[in-house]
Amino acid sequence: MYSLLSVFCVLLLLSMRLTIAFGRQLTHEDFDEIIGSKHYLFVQFYAPNCGHCQKLAPIWDKLETKMLSIQRTQVIVGRVDCTEERDLCSRESVMGFPTLKLYKSHETNGIEYEGERNLLSLETYLRTQLGDRIVDGLTDTEEVEDSLSSQPVADTPKPMNGMYELTDENIDEFLSKGRHFVKFYAPWCGHCQRLAPTWHQLAQSFEFDTSVKISKVDCTISSMSCKNYEIKGYPTLLWIED
């Protein structure tokens, strides 16, 4: 009886450990144990109050479930809550949310994913990076391409009191024509907070002036845009024209 109970306890502990490592949330202990090992880790660094993270959540759930259903895969899909694991997110140079990184087998430096955040694009990325390690069970490439070609175009941003709020989805199209004065900022930045009322006054003064558009980009949400424009500090003000 004692030996059977011991075996049961060991199996239960192993099951709990696998749930932590392969499930949704990763602590810094889980993260450090996985990277550098034989496994590949595709991880989402996020904040619970981030709108883009909330939008990505069901897609990430499906990707996790799909990867778990593939037998003999070496790929772990997980996520790290940066409000709980601040030191880890700082160490991994997470500048905005969500940030997606792939850590390859026996490597400790992650590759940041910069593609579209839909299930088909994420699957295609994993297929490209990992090849036959995970091919079985993922969507066919032709199906991915057909689906991506039918993706809707991002909506044109609408001004509020003359201010345009830009995101990763609409910034490129919006800034491709005309003259623009853009503020790249982070909500927690003290200098950004002091500039905010002045920037809103500027936007209001140009509300009915078609010669220039005043806009802002939250770099904690639209991290890809801020990286593309090589934003190194906050606030950064850029004049952009075609």
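**Sheet and helix packing in the predicted model**

Within strand β2, Ile 76 is the bridge partner of Leu 41. Strands (E, at least two residues) and helices (H or I, at least four) are DSSP runs, numbered from the N terminus. This is a predicted model, in which local features need pLDDT of at least 70 and side-chain atom pairs count only at pLDDT 80 or more, while totals for chains, interfaces and linings use all residues. Residues are numbered from 1 along each chain as its sequence is written, and side-chain values use heavy atoms, with hydrogens and water left out.

Strand β1 (residues 40-46) runs parallel to β2, and 7 bridges join the two. Both belong to an open sheet of 4 strands with mixed pairing, in the order β2-β1-β3-β4; two strands pair if DSSP finds at least two bridges between them. β2 (75-81) and β4 (111-112) stand at the edges with a single partner strand each, so one side of each is left without a neighbour in the sheet.

Helix α3 packs on this sheet, touching β1, β2 and β3 (99-103), where contact means heavy atoms within 4.5 Å. The direction of α3 makes about 150° with that of β2. Axes are lines fitted to C-alpha atoms, for helices over the stretch in contact, and angles between N-to-C directions run from 0 to 180 degrees.

The axes of α3 (residues 51-69) and α5 (residues 119-130) come within 10 Å and cross at roughly 40°. From α3, Ile 59, Trp 60, Lys 62, Leu 63, Lys 66 and Met 67 meet Leu 119, Leu 122, Glu 123 and Leu 126 of α5.
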